[in-house]
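Subject: Structure handover

Hi,

Here is the structure we talked about. Please load it before you read on; my notes follow below.

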Amino acid sequence: MTSESDNNVRIAASLLAADFSQLGREIKSLNDGGCDEIHFDVMDGAFVPNITFGAPVLEWIRPLTSLPIDIHMMVQEPARFIDDFARVGADHFTVHAEACAHLHATVQSIKAAGMRAGVALNPGTPVSALDEILPDIDRVLVMTVNPGYGGQAFIGGQLAKIAALAEQLPWRADGADLAVDGGVKVDTAPGCVEAGASLLISGTGIFNHPDGVIAGLAALRAAVNDAG
Ligand code: DX5
Ligand code: ZN
């Protein structure tokens, strides 16, 4: 299985859509299917209306893969959990701009803990929310659904935000990622790539594929490659 797209766009699988009774098997499929990254959605029931899982679950799965793991913190004041996740082997730690009173300090703490720092934007948050922080961060994550649940419909109006962020060099020239999360499937992935995304995050598009996880990854990879 190839683990790289022709256009260097990478694919991350959101574990939110995995079968949690078979988590080890699901992660093995991601390893075997050429997935580029694992996306770990943490929800607190306050910033978003849903609750998921935390650092103890990451501790169990970390030994099962050498793929990078990004922690998507849909949590109020996520800085409280930086050390917990760093200790159990998170590679990236992505916080919501809307959830941090002290975003600059939070980004510095993430980097000081040895992780790459990402900042996510809800659909209703403008790019300008990042004006003061963009040179300091390793990843912007554009939400193309309102966070809280998998399986929602892609919000096409967010493509303009992706394109605006893609143009903001030299931020991208430093190798920072422009990630897209929510409703990414074979039909929506090409538009994200054309807008300038470098990392596509997909949950149900991969795990709910009728022929299984490896087929889901391959289908998404083909859609990414078709975008040129
Ligand atoms: C939504 C999560 C996403 C979600 C994506 O709140 O942040 O990562 O799992 O799932 P799909 O791809 O099904 O929209
Ligand atoms: Zn996510």
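Does Asn 8 count as buried or exposed? Asn 8 counts as exposed, because its relative accessibility is 51%. Bear in mind throughout that this is a predicted model.

Asn 8 sits in the segment before strand 1 (10–14). Its phi is near 65 degrees, a positive value in a residue other than glycine. Most residues other than glycine have a negative phi. Glu 77 is another case: its phi is positive, about 45 degrees, and it is not a glycine either. Look for Glu 77 in the loop between strand 3 (69–74) and helix 3 (82–87). Glu 77 is partly exposed, because its relative accessible area is 30%.

**The zinc site**

Which protein atoms hold the donor positions around the zinc ion (ligand 2)? They are His 39 (NE2), Asp 41 (OD), His 72 (ND1) and Asp 181 (OD). These donors lie 2.1 to 2.2 Å from the zinc ion. Along the chain, the donors of the zinc ion follow the spacing H-x1-D-x30-H-x108-D. The pair His 39 and Asp 181 links distant parts of the chain. His 39 is in strand 2 (residues 37–43), Asp 181 is in strand 7 (residues 177–181), and 142 residues separate them. Both His 39 and Asp 181 are buried.

Now the geometry. Six donor atoms surround the zinc ion (ligand 2), and their angles run from 73 to 177 degrees, so the arrangement is octahedral. The cut-offs behind that label: opposite donors must be over 155 degrees apart, and all others between 65 and 115.

**Ligand 1**

How many residues surround ligand 1? The count is 19. The closest are Ser 14, Gly 148, Asp 181, Gly 203 and Thr 204. Asp 181 is also one of the zinc donors.

- His 72: a polar side-chain atom lies 3.2 Å from an oxygen atom of ligand 1.
- Gly 148: a polar backbone atom is 2.8 Å from an oxygen atom of ligand 1.
- Gly 183: a polar backbone atom is 2.8 Å from an oxygen atom of ligand 1.

Taken alone, ligand 1 exposes 380 Å², and the protein buries 99% of that.

**Thr 144**

Thr 144 is in the loop between strand 6 (139–143) and helix 5 (159–166). Thr 144 counts as buried because its relative accessibility is 0%. Leaving out residues up to four places away in sequence, Thr 144 touches Ala 153, Phe 154, Ile 155, Gln 158, Ile 162, Val 180, Asp 181 and Gly 182. Asp 181 in that list is the zinc donor again.

**Two buried aspartates in loops**

Asp 36 is in the loop between helix 1 (23–32) and strand 2. Its relative accessible area is 10%, so Asp 36 is buried. What does the side chain of Asp 36 reach at 2.8 Å? The side chain of Asp 36 reaches the backbone nitrogen of Ile 11. A polar contact of 3.0 Å also joins the side chains of Asp 36 and Arg 221.

Asp 138 is in the loop between strand 5 (116–121) and strand 6. At a relative accessible area of 16%, Asp 138 is buried too, because the cut-off is under 20%. With neighbours within four places in sequence left aside, Asp 138 is in contact with Lys 111, Arg 116, Ala 117, Ala 176 and Asp 177. Asp 138 and Asp 44 are 94 residues apart in sequence, and their C-alpha atoms are 24 Å apart.

Leu 23 is in helix 1. It is buried, with a relative accessible area of 12%. Its contacts, apart from neighbours within four places in sequence, are Leu 15, Ala 18, Val 57 and Ile 61.

Asp 211 is in the loop between helix 7 (204–207) and helix 8 (213–226). Asp 211 counts as exposed, because its relative accessibility is 63%. Asp 211 and Thr 65 are 22 Å apart, C-alpha to C-alpha, and 146 residues apart in sequence.

Best wishes

Terms used. Residues are numbered from 1 along each chain as its sequence is written. Chains are lettered from A and ligands numbered from 1 in the order in which they are written. This is a predicted model: local features need pLDDT of at least 70, side-chain atom pairs count only at pLDDT 80 or more; totals for chains, interfaces and linings use all residues. Side-chain values use heavy atoms; hydrogens and water are left out. Donors are N, O and S atoms within 2.8 Å of the metal (3.2 Å for Na, K and Ca); water is not among the atoms, so sites may look incomplete. Four donors count as tetrahedral if all angles lie between 85 and 135 degrees; four count as square planar and six as octahedral if opposite donors are over 155 degrees apart and all others between 65 and 115; anything else is irregular. Helices (H or I, at least four residues) and strands (E, at least two) are DSSP runs, numbered from the N terminus. Buried means under 20% relative accessible area, exposed over 50%, partly exposed in between (1.4 Å probe, protein chains only). Contact means heavy atoms within 4.5 Å. A residue is near a molecule or strand if one of its heavy atoms lies within 4 Å of it. A polar contact is a pair of N or O atoms within 3.5 Å; within protein, one must be able to donate a hydrogen and the other to accept it, and residues adjacent in sequence count only if both atoms are side-chain atoms. Accessible areas come from the Shrake-Rupley method with a 1.4 Å probe; for residues, only the protein chains shown count as cover.
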